Amino acid sequence: MFQRRCSLKTYNSIKELFKKEQYSRALFEIEKYLKEYPNDEFAQYLHGKILIKANDTEEAKLVFKDIINKNTIKKDFASIELAKIYLEEDEEYAILLLKKVINNNPSLRSLALRLLFDVKINQYKLNDANNILKKIKNKDDNYHLCKAKLYVLMGQKAKANLELSNINIKKLNRESLLYLMEIEVANEHFNKALEISKYLTTIHDEIYTLTLLEKSRIYNMIGKYGAALDICNELILECRIDDSKEIFISKGIAYQHLSDYQKAEECFLEALKSNKKRVKNTAKWRLAYLLHENKQFTEAKEIYKELLNHQFKNNFRLYLNLISILISERNYCEAEKVLEKMQKNCPNKEKYQDKYQYLKILLQKYQQKTISLKKSNRYLESQILNFSEEKSKDHIIRHRKKKSSFNKNINFEDLYQYTMNNLIEENRVYGDILDVYEIDYQNIGDGIDKYRVIVLPETKNIITMFPHKDNKFNRIKDFIKVKEKEKKFQEERRKKVYSKFNLN
């Protein structure tokens, strides 16, 4: 009895080290403890969890597999932890583990279903995810969170908001609050997400660091790139996140928005060193998009194809990017094949139907095929079929009247001609199906000095134009400016060094 009390006291002290994130010391103590008490099932399980935090996932896998093979009381808990690891490496094996827990352990069934739901969401298999939710009998806050996430991805925001209205935020634990924050980001409710983050940054734990990482992503989305970089640099210095390489994706995106090609590339290449498949694949996708924006089409195209053939085969945005390159190369036949694959693999067909339709018409026209749609009342489709400058001007004028951001004192005909003259390569941006240009014009709108122009591919046929504040795309000239600025900085630094040491 005395020995049992002593072992329990030691075990609890190691658990405290784990809670305090003192993983190196906890690992040393648990391994010493297991030499004395090798059959302690709870200690074996804790050992595996500590190994994960110490970034030794290979050893953790061996520990959890041993627990499962021994069929101990912690078998199903070990299966859950092992599934979490394999979600990054072998999703099918992870699914198999989770299904066994669902069938064998009623107390862990809800958690396993939630993890399985996330797997299907990451695979973008929304129907499968929905079927999993139907099996959850206890419709608690976690159920409503999952349902809301599903509706957001399906583009049904009203239904998502209804599910979220059923949730009492004050009753959510920290992990569920972070999940809610991620849903609000996906729902483009950035202010709500930032409000939630205030509840999660009061305690310095793993949730705290994951919240900061999510905040950096939000700042990138709302154009606060300096703030995003500050958070990323803080996290990298602290090294408080399981896989610090993930931080470099958000950092790279901030640099990309700032048109700093070199620094963005360095960040994405650093993220590629991650041990996590999800992080590596996201880094590949971001690197491809960076190459795409910088007109390195061949390299970008190869990465897009690789990702679409494997991990990102349901990613709508990736298909669009690949098709946009193929259109710019006038490879319309291959673009049409990619479009067919896109329609087959991407869910939410109703959400994307308009995009599919005008892409189909565009590609048929470029290949001089017979277009089944003889007449369309939709503006874009009718302009693709038979462009009219008169219609274009009328559309922009009506749009201009509705949008108060336009400076109404600017003569429209002068602006239209100025726009035609500035549809040049330096103002071109890449990454969309239609050609996009961004043109500088002082006070084009309320506090806005730049406007975006949407043009039919490989033409000067303007579809629409409007002032804007966000920096969704980078212009070729923005990349050039940053490169010239960096070159000038390096040259000035070289001159200072030469002057200091009296070098010629």
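What you're looking at is a predicted model, so local features need pLDDT of at least 70, side-chain atom pairs count only at pLDDT 80 or more, and totals for chains, interfaces and linings use all residues. Residues are numbered from 1 along each chain as its sequence is written, and side-chain values use heavy atoms, with hydrogens and water left out.

Let's start with the rings. Rings of Phe, Tyr and Trp (its six-membered ring) pair if their centres lie within 6.5 Å; planes under 30 degrees apart count as stacked, over 60 as edge-to-face and the rest as tilted. Counted that way, there are 14 aromatic pairs. Take F316 and Y356: their ring centres are 6.1 Å apart and the planes sit at 70°, so this pair is edge-to-face. It joins distant parts of the chain, with F316 in helix α19 (residues 316-328) and Y356 in helix α21 (residues 349-366), 40 residues apart. Helices (H or I, at least four residues) and strands (E, at least two) are DSSP runs, numbered from the N terminus.

Y441 lies in strand β2 (residues 435-445) and Y451 in strand β3 (residues 448-455), so the pair ties together parts that are ten residues apart in sequence. Y441 counts as partly exposed because its relative accessibility is 23%, while Y451, at 0%, is buried.

A charge sits over a ring if NZ of Lys or CZ of Arg is within 6 Å of the ring centre and within 35 degrees of the ring normal. K74 lies over the face of Y45, 4.5 Å from the ring centre, and the charged end of R114 is over the ring of Y179, 3.9 Å from its centre.

On to the sheet. In general, strands of a sheet pair through backbone hydrogen bonds, either parallel or antiparallel. Here, four strands make an open sheet in the order β1-β2-β3-β4, with antiparallel pairing. Two strands pair if DSSP finds at least two bridges between them. At the edges are β1 (428-429) and β4 (462-467), each pairing on one side only. Five bridges join β3 and β4, and Y451 stands opposite P467 in β4.

Also in strand β2 is D435, which is buried because its relative accessible area is 5%. Its side chain makes a polar contact with the side chain of R428 at 2.8 Å (a pair of N or O atoms within 3.5 Å; within protein, one must be able to donate a hydrogen and the other to accept it, and residues adjacent in sequence count only if both atoms are side-chain atoms).

Finally, the cores. A nonpolar core is a set of buried Ala, Val, Leu, Ile, Met, Phe, Trp, Tyr and Cys residues joined through side-chain atoms within 4.5 Å. The largest one has 143 residues, and F64, F117, Y304, I323 and M342 have the most contacts inside it. Helix α19 gives the most to this core, with nine residues. Apart from it lies another core of 15 residues, including Y416 and V453.

How values were computed. Buried < 20%, exposed > 50% of the residue type's maximum accessible area, 1.4 Å probe, protein only.
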